[in-house]
There are 2 protein chains.
Amino acid sequence: MTSSTPPADPGAPPSRRELNKAATRQAITDAALGLLRAKGPGNFTVEDIADAAGISRRTFFNYFSSTDAALASIVHGFLDTAIQQLRLRPADEPLLVSAQAALTALADPEAVAPLAELFTLTQQSPLMQHSELEAWDHCRAQVFDVARERLGGSHGQQEDLYVHALSGSIIACGKAAMEVWFNRRGPDLTPASLSELRQLLIDSMALLGTGFTTPASLSTSRSS
Amino acid sequence: MTSSTPPADPGAPPSRRELNKAATRQAITDAALGLLRAKGPGNFTVEDIADAAGISRRTFFNYFSSTDAALASIVHGFLDTAIQQLRLRPADEPLLVSAQAALTALADPEAVAPLAELFTLTQQSPLMQHSELEAWDHCRAQVFDVARERLGGSHGQQEDLYVHALSGSIIACGKAAMEVWFNRRGPDLTPASLSELRQLLIDSMALLGTGFTTPASLSTSRSS
DNA sequence: GTGCAACTTTGCACTGAGGGCAACTTAAAT
DNA sequence: ATTTAAGTTGCCCTCAGTGCAAAGTTGCAC
């Protein structure tokens, strides 16, 4: 089974089985992305992906529960590293600052390239929104965990709202920054474009931190 | 077809066809909700719903593209009225205040009852999250429209981020308030519970308006 | 190495979603 | 009443997703 317990020992050398599984997983997402490029969203089947990845249809489902899930694993990968970055921040830092730092740290070509391509390929069609929304929501849940940990165990019921609202808003703003960036730049990955993405991420978190005070405050960002 | 142009004349008396369609639509969601109650999420098929609603399986798909969609129409209904309320607010009012008003206006038994039941019935299982997330996202898009209209046509590129981030955050906070409320109260629809929901909605918008300043500000809400 | 145990892949078969199409039924219009 | 448009249904197709059991691999002990 794919879902059995992995060694959970980060220090140990990955066994052959682990490597094979990782490779297969990668082959699947590569194949899926390739077909998306070649045929467009909705115009290929799970069997197509399996063939392209050199595995059987049935095995595909051992790894992913759907075509969408396979493609969304790209988004998951990105967001997971974002969460990793977030957890590295000092616990006494304001969450918004941590989020800013974690996100801008990821605004480099290698990390955003697959994401950018995926977005440009699927922007027009709602066939991917499902898993994409889920990926963001999964990330939100993890930000929620981090936020709750930071507030310590002393949280009464009031903090529930605070933590829920904050984590949700952080995700919403991160999403907003990415969306605006894609709308403006498309698949442009030049340093100038990436620096604009960083600025957008910073600005969106700043908006959150200042309570969205009137649009006059918009003069903050002048980056293109 | 279901998707043909409705008269779009709100003054005219609804024709027989319109009435039939509305009735069928309602019968479907009723049947779906009934089956959800009776069998639990994931334990019934489209055919079951069609049978219960007294229509053919094929006709079901003329109205909804999936079981999820049929159930999510409940959420859609709620959020659509929320948007309606939002559009009724004066255009020069701060958006956060408008959102607060629109949402709290809907915190009455008739409006939230179906929603509350749906949430309690599906909270445990991820079988509904798809359409639910979509419903919220659809609502976000509409808040986005309202926000853009309010900022007038003079919006340069900076406003894009502002509007995206703001509408996304509003939705996130509305969601947060509802989620906290369901977690605390479950399907409780007593006036005390509803007033707590109202307070939560107000508080979450307030958090957004104050930039989530330190948890010390949490003492605002003391409502149970 | 040999062999066993655990894990993984695959084929097969089955249920059910979703949609195209044409025949049929019902409401509206003249 | 007759024609026309809108809606319903049955038939049939493809494809998603899953359980099961028979293979094929890898890990480990001897």
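Let me start with polar contacts across the interface: between chain B and chain A, the count is four residue pairs in polar contact, both residues of each pair at pLDDT 80 or more. Please keep in mind that this is a predicted model. For salt bridges between chain B and chain A, the count is zero.

So which elements of chain B do the touching? Helix H7 (129–150), helix H8 (157–185) and helix H9 (191–209) of chain B each give two or more residues to the side that touches chain A. H8(B) supplies the largest share of that side, with 20 residues.

Now for the interface as a whole. In terms of residues, 41 from chain B are in contact with 41 from chain A. As a general point, the size of an interface is often given as the accessible area lost when the parts come together. Here, the area buried between chain B and chain A is about 3400 Å², and carbon and sulfur atoms give 68% of it. On the chain B side, the residues that lose the most area to chain A are B:Leu161, B:Tyr162 and B:Phe212, which together account for 20% of what that side buries.

B:Phe212 sits in the segment after H9 of chain B. Its phi is positive, about 55°, although B:Phe212 is not a glycine. Is B:Phe212 buried or exposed? B:Phe212 counts as buried, because its relative accessibility is 5% and the cut-off for buried is under 20%. Over in chain A, A:Phe212 lies in the segment after helix H9 (191–209). A:Phe212 also has a positive phi of about 55° without being a glycine, and A:Phe212 is buried, with a relative accessible area of 5%.

Next, the cysteines. A disulfide, in general, is a covalent bond between the sulfur atoms of two cysteines. How many disulfides does a search of the whole structure find? Zero, over all chains.

Stepping back to the fold, chain A has nine helices and zero strands. Along the sequence, the pattern of chain A reads α-α-α-α-α-α-α-α-α. Chain A has 224 residues, and 44% of them count as buried. If we take contacts in chain A between residues at least 6 apart in sequence, 66% of those contacts join residues at least 24 apart.

For a local view of such packing, let's go to A:Thr104. A:Thr104 is placed in helix H5 (residues 95–105) of chain A. With a relative accessible area of 17%, A:Thr104 is buried. A polar atom of the A:Thr104 side chain lies 3.2 Å from the backbone oxygen of A:Ala101. Setting aside residues up to four places away in sequence, A:Thr104 touches A:Arg198, A:Leu201 and A:Ile202.

B:Ile202 lies in helix H9 of chain B and is partly exposed, with a relative accessible area of 32%. Which residues is B:Ile202 in contact with, leaving aside its neighbours within four places in sequence? They are B:Gln100 and B:Thr104. B:Ile202 and B:Gln100 are 102 residues apart in sequence, yet their C-alpha atoms are 5.8 Å apart in space.

That's my tour, and I'm happy to take questions!

Definitions and conventions:
Residues numbered from 1 in each chain as written. Chains lettered and ligands numbered in written order. Predicted model: local features only at pLDDT ≥ 70, side-chain atom pairs only at ≥ 80, totals over all residues. Heavy atoms only, no water. Disulfide = S-S within 2.5 Å. Contact = heavy atoms within 4.5 Å. Buried area = accessible area lost by both parts, 1.4 Å probe. Salt bridge = Lys/Arg side-chain N within 4 Å of Asp/Glu carboxyl O. Polar contact = N/O pair within 3.5 Å; in protein donor to acceptor, adjacent residues only side chain to side chain. Helix = DSSP H or I, 4+ residues; strand = E, 2+ residues; numbered from the N terminus. Buried < 20%, exposed > 50% of the residue type's maximum accessible area, 1.4 Å probe, protein only.
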